[in-house]
Amino acid sequence: MKIIIETERLLLREITFDDQEVLFKLHSDPEVQKYTGEPVVTSMEEMKKAIELRIMNYKKYGYGRWATVLKSGKQFVGWAGLAYLPEFDEVDLGYRFLPEYWGSGLATEASNAILNYAFDVLKLDKIVAIAMKENKASIRVMEKVGMEFDKLAPYEPGSENAVWYWCDKKLIAKNKSQ
Ligand SMILES: CC(C)(COP(=O)(O)OP(=O)(O)OC[C@H]1O[C@@H](n2cnc3c(N)ncnc32)[C@H](O)[C@@H]1OP(=O)(O)O)[C@@H](O)C(=O)NCCC(=O)NCCS
């Protein structure tokens with residue numbers, strides 16, 4: 001198991017095919033998918049294809065969306081990580097957790113560590129995060145980690161405006177020192 005990041009409560013590691021059932025539980029939940037712009041996943045076949053893509057992206061870019069597991073007990077709680085968006089030439093921070101773990105700061109904890117890793121280890125210059133306007137919890141996480149509002153713009157051509165946040169290492173340092 002390749003551990004990428006360790007935080008106070010979480011381990012972030014690469015997703016593998018062994019995660020297909022827990023990932024299916026997450027991606028087939030309408031409450032989880034509600035503000036992601038993605039439909040619920042309805043078959044294990046679909047889930048396997050999505051995992052295949054994740055694994056390919058680790059190889060292609062050297063980063064990706066990582067499984068987040070609790071250090072205590074090793075339960076899978078969701079995923080968080082980075083994705084290269086070729087259509088915008090940007091690197092996106094994303095997160096998705098099982099509802100029973102919402103509201104305890106896990107997305108913020110994972111995101112803080114991911115941003116440090118992105119700037120200090122991967123040497124990336126800029127990270128964006130994108131959410132539907134209604135996704136107040138996601139936008140709050142972006143604010144809590146020190147990102148700033150950039151623009152309202154579609155995430156996909158022809159789709160509704162989404163909320164775009166951004167940060168670089170300097171901005172995070174400035175916002176964290178306030
Ligand atoms: C978005 C998500 C990852 C947040 O995870 P989390 O672990 O609950 O996040 P945190 O606990 O670190 O922080 C959530 C913050 O949002 C706030 N919040 C939650 N729901 C809110 C709402 N409806 N309105 C305003 N603020 C809200 C919380 O109070 C908390 O802020 P606070 O610490 O200032 O009180 C989680 O809700 C999730 O997985 N949602 C489904 C998938 C998703 O939408 N992913 C993002 C796609 S852009």
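Guide: Helix 1 and helix 3 are roughly perpendicular to each other (65 to 115 degrees counts as that). This is a predicted model, where local features need pLDDT of at least 70 and side-chain atom pairs count only at pLDDT 80 or more, while totals for chains, interfaces and linings use all residues. Residues are numbered from 1 along each chain as its sequence is written.

Visitor: At what angle do the axes of helix 1 and helix 3 cross?

Guide: Roughly 105°, and the axes come within 10 Å. Axes are lines fitted to C-alpha atoms, over the stretch in contact, and angles run from 0 to 180 degrees between N-to-C directions. Helix 1 covers residues 20–27 and helix 3 covers residues 44–61. Helices (H or I, at least four residues) and strands (E, at least two) are DSSP runs, numbered from the N terminus.

Visitor: Which residues meet there?

Guide: From helix 1, Gln20, Leu23, Phe24 and His27. From helix 3, Met44, Met47, Lys48 and Ile51. Contact means C-beta atoms, placed from the backbone, within 7 Å. By class, that contact has five nonpolar, two polar and one charged residues. Ala, Val, Leu, Ile, Met, Phe, Trp, Tyr, Cys and Pro count as nonpolar, Asp, Glu, Lys and Arg as charged, and the others, Gly among them, as polar.

Visitor: What follows helix 3?

Guide: Gly62, whose phi is positive, near 85°.

Visitor: New topic. How many residues surround the ligand?

Guide: 20 residues, and the closest are Ala107, Thr108, Lys136, Ala137 and Arg140.

Visitor: Now Ala67. Buried or exposed?

Guide: Ala67 is buried, because 24 other C-beta atoms lie within 10 Å. The cut-offs are 20 or more for buried, 12 or fewer for exposed, and partly exposed in between, with C-beta atoms placed from the backbone. Ala67 lies in strand 3 (residues 65–70).

Visitor: What does Ala67 touch?

Guide: Leaving aside neighbours within four places in sequence, Ala67 is in contact with Arg13, Ile15, Asp19, Phe76 and Trp79.

Visitor: And why does Thr42 count as exposed?

Guide: Because Thr42 has 11 C-beta neighbours inside 10 Å. Thr42 lies in the loop between helix 2 (30–33) and helix 3.

Definitions and conventions. Near = placed C-beta within 6 Å. Contact = placed C-beta atoms within 7 Å. Parallel < 35°, antiparallel > 145°, perpendicular 65-115°, else oblique.
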